[in-house]
Amino acid sequence: MDKTIIVIDGFAPDIDGVADAARSLDYSPMVYEGVEYSGMSGRGMYFPAAALSDAMGFRVAPVETIFRCGIVGDKMAVWIHNDLGVAGAEWAAILYLTDPPAHDSSGTAFWRHVETGLVAQPSADSFSPEMAQQFNIDGQTMRPWQMDGYVAMRKNRLVIYPANRFHSRWPYRAFGSSPADGRLIWVGFFREGK
Ligand SMILES: [Fe+2]
């Protein structure tokens, strides 16, 4: 797997408090930058800047932060994607707030785009808007992709990856039916602060 993917177990000392706060939120659909997302809430509520800075070895500046709740049968507006749509984000972090049910598994997959061989969206100077559009279309199904890495969901596991890295929830299907038993995660986007 790409060395720039960092996994830290036992990340948050107050994980139960963070999870309880996430469970108390409303996850009705919301629109962000023109795209409707389901299962998002709590923008800006939580950002463990000091612990992330320790993990990265530089001062982390928050860009955006949100809780997400996946449930059985939900639909994702985008599936295999990168996070450069979050303006200013250089890195993304996911903190898993629960374990999947005993008979189930869930996590985050990282993907290689087969036709181009790319694992991440290139910088703007070597990249065209047409390519971005093609990645968006190709991201609707797994056929144009090869899985290049996988991090299993574990309560209080943090995964950090570059914002341009292609990734998705895996498998597509989440679990549970409400914030009480669903696939609860915290997602933070950040950059290197000055
Ligand atoms: Fe993402």
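1. Let's start with a glycine. Gly10 sits in the loop that links strand S1 (6-8) to H1; helices (H or I, at least four residues) and strands (E, at least two) are DSSP runs, numbered from the N terminus. Gly10 counts as exposed because it has 11 C-beta neighbours inside 10 Å. For the cut-offs, 20 or more other C-beta atoms within 10 Å of a residue's own make it buried, 12 or fewer make it exposed, and anything in between is partly exposed, with C-beta atoms placed from the backbone. Gly10 and Leu95 are 85 residues apart along the chain, and their C-alpha atoms are separated by 9.9 Å.

2. A word on the model before going on. This is a predicted model, in which local features need pLDDT of at least 70 and side-chain atom pairs count only at pLDDT 80 or more, while totals for chains, interfaces and linings use all residues. Residue numbers run from 1 along each chain as its sequence is written.

3. Now the overall picture. The protein has 3 helices and 11 strands, and reading along the sequence gives β-α-β-β-β-α-β-β-β-α-β-β-β-β. Its radius of gyration is 16 Å, which agrees with the value near 16 Å for a compact globule of 194 residues; this is taken over C-alpha atoms, and the globule rule is 2.2 Å times the number of residues to the power 0.38. Along the principal axes, the C-alpha atoms fill a box of roughly 45 × 40 × 30 Å. Of the 194 residues, 32% are buried. Among contacts between residues at least 6 apart in sequence, 84% join residues at least 24 apart; a contact here is a pair of C-beta atoms, placed from the backbone, within 7 Å.

4. Two strands pair if DSSP finds at least two bridges between them. S1 is joined to S9 by 3 bridges, and Ile6 has Ile160 in S9 as its bridge partner.

5. There is also an open sheet of 3 strands, antiparallel, in the order S8-S7-S10. Strand S8 (145-152) and strand S10 (167-170) each have a single partner strand, so one side of each is left without a neighbour in the sheet. Direction ignored, neighbouring strands of this sheet are turned by 35° against each other on average. Strand S7 (residues 107-113) is joined to S10 by 4 bridges, and Gly107 stands opposite Trp170 in S10.

6. Two helices deserve a look. Axes are lines fitted to C-alpha atoms, for helices over the stretch in contact, and angles run from 0 to 180 degrees between N-to-C directions. Which residues of H1 are buried? They are Val18, Ala19 and Ala22. Seen down the axis of H1, they fall within an arc of 95°, so they line one face of the helix; the arc is that of the directions from the helix axis to the C-beta atoms. S5 and S11 are included in what covers them. On the other side of H1, Asp16, Gly17 and Asp20 are exposed.

7. Next, the nonpolar cores: sets of buried Ala, Val, Leu, Ile, Met, Phe, Trp, Tyr and Cys residues joined through C-beta atoms within 7 Å. The largest has 32 residues, and Ala92, Ala93, Leu95 and Leu97 have the most contacts inside it. Helix H1 (15-23), strand S5 (60-70), strand S6 (91-96), strand S9 (158-162) and strand S11 (183-192) each give two or more residues to this core, with the largest share, 6 residues, coming from S6. Neighbours within four places aside, Leu97 is in contact with Val18, Ala19, Ala22, Lys155, Leu184, Ile185 and Trp186. Apart from this core lies another of 7 residues, including Phe110, Trp111, Trp145 and Phe166.

8. Most residues other than glycine have a negative phi, and most peptide bonds are trans. Asn156 has a positive phi of about 75° although it is not a glycine; this residue is in the loop between S8 and S9 and is buried, with 20 other C-beta atoms within 10 Å. The peptide bond from Trp170 to Pro171 is cis, with omega near -10°, and Pro171 lies in the loop between S10 and S11.

Definitions and conventions: Two residues are in contact if their C-beta atoms, placed from the backbone, lie within 7 Å.
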